[in-house]
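Hello,

I am handing over the structure below. Notes on what was found in it follow.

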Amino acid sequence: MTSSQPRRNHAIQSGGVPASGRVHDPALDGLRGLAILLIYIFHYGGGLKSSHLVVRLFGYLTASGWIGVELFFALSGFLITGILWDAMQQPPAPHYLRNFYARRILRIFPLYYTAIALCAVVLIATGGGFHQLRMLYILVFFLQDLPKLTEIAQQIPTLPHYHLWSLAVEEQFYLLWPFLLLIFPTRRAALRLCMAIFAFSFIFSLTVFGMTHVFSAETAHLMSSFLPTHAGGLALGGAVAIALRYPANSVERSILRRFALPAFFFGLAIYVVSSVFCHTFALTPRLQFVIGLPAVWIATAATIPLALRTGFPRRLCSIASLRFLGRISYGFYVFHLLLQPIFDRIGSHCAHAGTDLYYFIRLTSAFPITLAVSWISYRFLEAPFLRLKRFFPLPSAIPANQTPETVRS
């Protein structure tokens, strides 16, 4: 052992982050894989109108698949906050803001604008006019989560793109979050910022969706995709990232160790109770936005420290197939609905639309096709751009002290 090794180990144990190289935790890929599976089942599960009890029960459970999007938000809050926080430490990484935005552009833009281009081609091929084509500006500038514009974007007669609202939420988060962290430069201040945004998002949802005598159902519906409605999950993910950057013996790290699992079950239990009152697991009743959604924020944020330490959650998230699915999850998310007309055609060709067999065929055909298209997208479209990230280096987003060798329950 060289003389430098003990010093490096001491830095890791005390919560330090190595300055060189990026530390990638494969369990987070598995967590993404779980998220995309939830979303896929949510959109293709079906079964709610089935005459068979078992199929109908499966349909009720698939209605909870929207949780996958909130899990993605929590992961984004965690990873982006970690990236920015590590880059901003003294001395700050050179050109960290430029490099941060360049890396986000390389990750998001190539596939996203390919999808928009496909929508434009289909719109033109099906006889869409210039007025309809012009409405694509809402997607081009990531505005489809804004009230009113959400409704307009959904009326564009092209490939299904209504799921892209979550990318607008994330892009707006990427735009604002670095500057907010600059205003709150200490760990304590950053934690307070995260909790304040969580509280703001909860109060926003409570006001818009809870005050039925003030906000109409139409207004509440328009707010359902808005950034303030979902900012709580992003903020809690960010809070986990900041807490994990405290020393190993700190109160903040102790709270994560002791309460991550109880917080997961607490959030899950509150969501189930809310769903029972709402008679659905779906995020459609207004009460679900007030109670169920914040509970899901807590549960999804708690899964991150659970996946980063030894135990069953980490073993589950480390399954090779889930990690593979997580690596291509961005493409899977974009294409699984963008290609829906093809899957509908396959289902209707083999069975009558609306029958159990129709939904089963869609469910079983959409997955392998989307998987293949997503792998092709990752291999030949996304990966070449991702390799360009080496020209825009940033410190690690995942502390080395969160590896399974040093994190214990």
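**Gly 326 and its surroundings**

Leaving aside residues up to four places away in sequence, Gly 326 touches Asp 29, Arg 32 and Gly 33, where contact means heavy atoms within 4.5 Å. The C-alpha atoms of Gly 326 and Gly 33 are separated by 3.9 Å, although the two residues are 293 residues apart along the chain. Gly 326 is placed in helix H16 (residues 320–327); helices are DSSP runs of H or I with at least four residues, numbered from the N terminus. With a relative accessible area of 3%, Gly 326 is buried (buried is under 20%, exposed over 50%, partly exposed in between, with a 1.4 Å probe and protein chains only).

This is a predicted model, in which local features need pLDDT of at least 70 and side-chain atom pairs count only at pLDDT 80 or more, while totals for chains, interfaces and linings use all residues. Residues are numbered from 1 along each chain as its sequence is written, and side-chain values use heavy atoms, with hydrogens and water left out.

**Helices H9 and H12**

Helix H9 (residues 165–183) packs against helix H12 (residues 227–243) at about 70°, with the axes 10 Å apart. Axes are lines fitted to C-alpha atoms over the stretch in contact, and angles run from 0 to 180 degrees between N-to-C directions. H9 contributes Trp 165, Val 169, Gln 172, Phe 173 and Leu 176 to the contact, and H12 contributes Leu 227, His 230 and Leu 234.

**Cysteines**

Zero disulfides turn up in a search of the whole structure (a disulfide is a pair of cysteine sulfur atoms within 2.5 Å). Cys 194 is buried at 0% relative accessible area, whereas Cys 350 is partly exposed at 45%.

Regards

Terms used
Helices (H or I, at least four residues) and strands (E, at least two) are DSSP runs, numbered from the N terminus.
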